[in-house]
Amino acid sequence: MGDCEKDYHLDYELQLITNMTTELETQLSMEADIEARAALKTYLGGIFTDYAHDVDLSFYDVEGDFPRLHHESHIMDANQSKYTLFIPVRRYMHLAVANVVENTEVSLRDDELCENATLFQAVGDTLSSHRTGLFTSRLLMDIREGVDQQFNVNLFMANCASAIVLDTLGSGVKDIIVFVSGFATDFAIRDSAYHFDYTPIIKTDRIILENSEELCFAAAHFPSRDLPLPATRTVVQTQDPFVSEGATNPLWNVKVYSYLKDGTITECILGVTQPLRSGGLRVIKAQVYNNGSLVPTDTTVGVSVTLDWEPGLSHDVIL
């Protein structure tokens with residue numbers, strides 16, 4: 001009877017820890033920014049939310065190759081929910097993932113074995129923004145025989161977002177497109193570790209502003225690389241998980257391409273030395289000039305400008 005089955009209760013709750021409201025109010029505090037701030041808040045509302053549409057639950061052996069022993073999925077449609085499981089008495093490593101089904105750019109892969117379970121981002125030259133806020137959790141469960149047990153499972157955000165607001169008043173540029181890069185390619189759920197297998201280029205979404213000279217772009221994606229821990233300390237304390245000193249070199253970039261009336265293109269690459277962590281939002285504001293160059297209001301953000309930039313050659317390859 002040592003492996004007899006019994007009902008066990010699991011309470012799932014999404015824990016949203018984010019700086020979204022603070023970042024929007026701090027970086028877009030001017031009267032001219034009111035429309036951009038409101039539009040960004042609406043756009044990001046579907047990313048920074050404690051509401052889960054779907055949840056995927058896997059229970060793994062804690063020995064050998066950690067194979068999956070039990071799996072189920074539910075439509076949650078709430079920020080918290082309770083499920084009753086009927087599984088054998090034993091120890092499990094439990095992984096939970098929320099909001100993957102409607103995220104067209106990210107999928108759950110290789111989850112038959114615990115150590116391989118990964119939130120895998122699509123591969124390509126240019127990717128689109130994540131469409132949902134992704135949440136994950138890992139919990140070692142010791143289910144005992146003859147004991148009524150309840151487990152609380154808190155899911156935390158695995159992706160983040162960046163945005164740029166450009167003041168184009170007087171610049172005369174015809175059009176602008178924006179890309180971001182320097183972010184992780186996938187997320188190992190059991191180890192809570194991000195992988196950087198290559199450097200994906202992510203095209204931002206342009207957010208329409210009806211009555212403003214500002215242009216607004218945003219994208220959701222995995223976090224950037226973080227700063228290494230100081231070699232002489234084992235504990236680092238901070239009051240805010242989204243505040244950090246800058247790195248020596250940029251950790252991620254914003255690439256802005258301004259199309260001018262004379263047919264030329266100006267490329268501006270903004271280098272950000274502060275890490276962008278899971279659950280975080282970074283908003284950059286900049287002024288655009290008539291030659292397509294721009295200057296960020298944040299002096300810690302570096303910028304390199306290439307006037308009359310020429311895109312690389314492209315052609316169809318016959319296979």
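User: Which side chain does Asp-61 meet in a salt bridge?

Analyst: Good place to start! In general, side chains of opposite charge can pair when their charged atoms come close. Here, in a predicted model, Asp-61 pairs with Arg-90, with N and O 3.1 Å apart. The two partners come from distant parts of the chain, 29 residues apart. Asp-61 lies in the loop between strand E2 (52-60) and strand E3 (68-78), while Arg-90 lies in the loop between strand E4 (80-88) and strand E5 (91-98).

User: Which residue forms a salt bridge with Lys-285?

Analyst: That would be Glu-214, with the closest N and O atoms 3.9 Å apart. This pair, too, links distant parts of the chain: Lys-285 sits in strand E20 (residues 281-288) and Glu-214 in strand E17 (residues 214-221), 71 residues apart. Both residues are buried.

User: Which residues are linked with Glu-214 and Lys-285 in a network of salt bridges?

Analyst: Asp-33 joins them, and the network comprises Asp-33, Glu-214 and Lys-285.

User: And how many salt bridges does the count come to?

Analyst: The count is 11 salt bridges, including the Asp-61 and Arg-90 pair we began with.

Technical notes: Residues are numbered from 1 along each chain as its sequence is written. This is a predicted model: local features need pLDDT of at least 70, side-chain atom pairs count only at pLDDT 80 or more; totals for chains, interfaces and linings use all residues. Side-chain values use heavy atoms; hydrogens and water are left out. A salt bridge is a side-chain nitrogen of Lys or Arg within 4 Å of a carboxyl oxygen of Asp or Glu. Helices (H or I, at least four residues) and strands (E, at least two) are DSSP runs, numbered from the N terminus. Buried means under 20% relative accessible area, exposed over 50%, partly exposed in between (1.4 Å probe, protein chains only).
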